[in-house]
Amino acid sequence: MRLETLILGAERRYTPFQAARSAGVSMELASRFWRAMGFADIGQAKALTEADVLALRRLAGLVEAGLLSEAMAVQVARSTGQTTARLAEWQIDSFLEGLTEPPEPGMTRTEVTYPLVELLLPELEEFLVYVWRRQLAAATGRVVQAGDDEEMVDRRLAVAFADLVGFTRLTRRMEEEELGELVEAFETTAADLVAARGGRLIKTLGDEVLYAADDAGTAAEIALRLIETMANDETMPELRVGMAFGTVTTRMGDVFGTTVNLASRLTSIAPRDAVLVDSAFAEELIRTSEAPASEAEAAEVAATAEKEGEEPPAYRFALQPMWQRPVRGLGVVEPWLLNRRDGEG
């Protein structure tokens with residue numbers, strides 16, 4: 001109870017009805033907010049604190065002031081709850097669990113944990129707010145640059161899935177701890193590469209990561225870096241990547257739509273240690289002079305530039321058309337194999 005009070009910052013003193021009344025909101029709206037944040041129904045037990053009342057009052061105040069609609073306030077509660085729930089689980093499983101092993105026989109885990117949490121809690125809280133502000137600033141910048149309101153929700157993005165090959169077989173051969181270390185290494189490597197190259201990690205799914213980028217060139221560079229990095233690590237399985245470019249619907253940090261589905265399908269048919277892209281992605285690379293339409297065209301453009309005393313385009317990528325094939329639910333698609341141009345990298 002002491003540890004819980006330390007983390008919550010106050011004692012539990014309100015029932016849900018009392019908290020809703022103190023916040024000046026209906027019990028129905030309070031329940032919607034709590035469920036959206038991921039909190040279980042607790043009947044009328046005294047389980048809520050002054051902070052719960054304040055949170056309700058703030059959300060309801062945003063609605064009353066016209067800054068948020070009620071539906072949007074519920075979405076804010078849900079997105080915040082889902083994100084922080086995962087963060088809290090990770091911190092307990094991977095962080096506190098390792099630090100709170102009793103150093104001496106006879107000591108309980110609680111005796112070790114309390115002073116540790118007392119020291120860490122304000123620092124982690126400040127760090128969480130700092131990272132959130134940085135991410136909010138980056139996201140706001142992208143929205144401000146959007147051409148119109150529709151583009152803020154339905155945007156043209158490059159979307160990519162990177163998938164570990166043979167992961168199901170690995171789960172049968174490897175010990176749980178070893179498998180967990182492999183997944184963590186893969187997710188960490190992918191997250192670092194995506195962030196460093198200017199992409200956005202959308203989510204991780206154990207043996208697969210989903211990321212997006214504002215332009216095809218950035219997404220292509222990340223994909224090839226992932227393949228190259230994983231290939232140089234003997235402990236990691238082979239990787240395959242599928243990418244598509246087009247209109248994407250964004251909701252609560254996730255992405256949806258035909259472009260995302262196509263990228264997923266391309267991943268499932270991509271060769272080992274290879275990157276497949278759709279025709280729209282290939283066209284975007286060609287349009288932005290990141291790749292030539294063909295090697296014959298590249299040679300022709302280079303010859304023309306040399307004749308006119310100009311520098312030829314510095315293509316970064318090469319595209320190789322593959323056989324057209326039907327893809328379930330999406331009709332016939334024309335995949336392209338993406339590689340680096342000779343000498344690039």
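Predicted model: local features only at pLDDT ≥ 70, side-chain atom pairs only at ≥ 80, totals over all residues.
Residues are numbered from 1 along each chain as its sequence is written, and side-chain values use heavy atoms, with hydrogens and water left out.

Helix α3 itself covers residues 27–36, and its buried residues are L29, A30, S31, F33, W34 and A36. Buried here means under 20% relative accessible area, with a 1.4 Å probe and protein chains only. Helices are DSSP runs of H or I, at least four residues, numbered from the N terminus.

Moving on, T49 sits in the loop between α3 and α4 (50–64). T49 is buried, at a relative accessible area of 2%. A polar atom of the T49 side chain lies 3.2 Å from the backbone nitrogen of A51. Leaving out residues up to four places away in sequence, T49 touches L8, A10, E11, R12 and Y14; contact means heavy atoms within 4.5 Å.

Now for the helix pair:

| Helix | Residues | Residues in the contact |
|---|---|---|
| α10 | 216–231 | A216, G217, A219 and A220 |
| α12 | 279–287 | F281, E284 and L285 |

Helices α10 and α12 pack at an angle of about 110 degrees, their axes 9 Å apart. Axes are lines fitted to C-alpha atoms over the stretch in contact, with angles from 0 to 180 degrees between N-to-C directions. The two helices are therefore roughly perpendicular to each other (65 to 115 degrees).

Technical notes: Buried < 20%, exposed > 50% of the residue type's maximum accessible area, 1.4 Å probe, protein only. Parallel < 35°, antiparallel > 145°, perpendicular 65-115°, else oblique. Polar contact = N/O pair within 3.5 Å; in protein donor to acceptor, adjacent residues only side chain to side chain.
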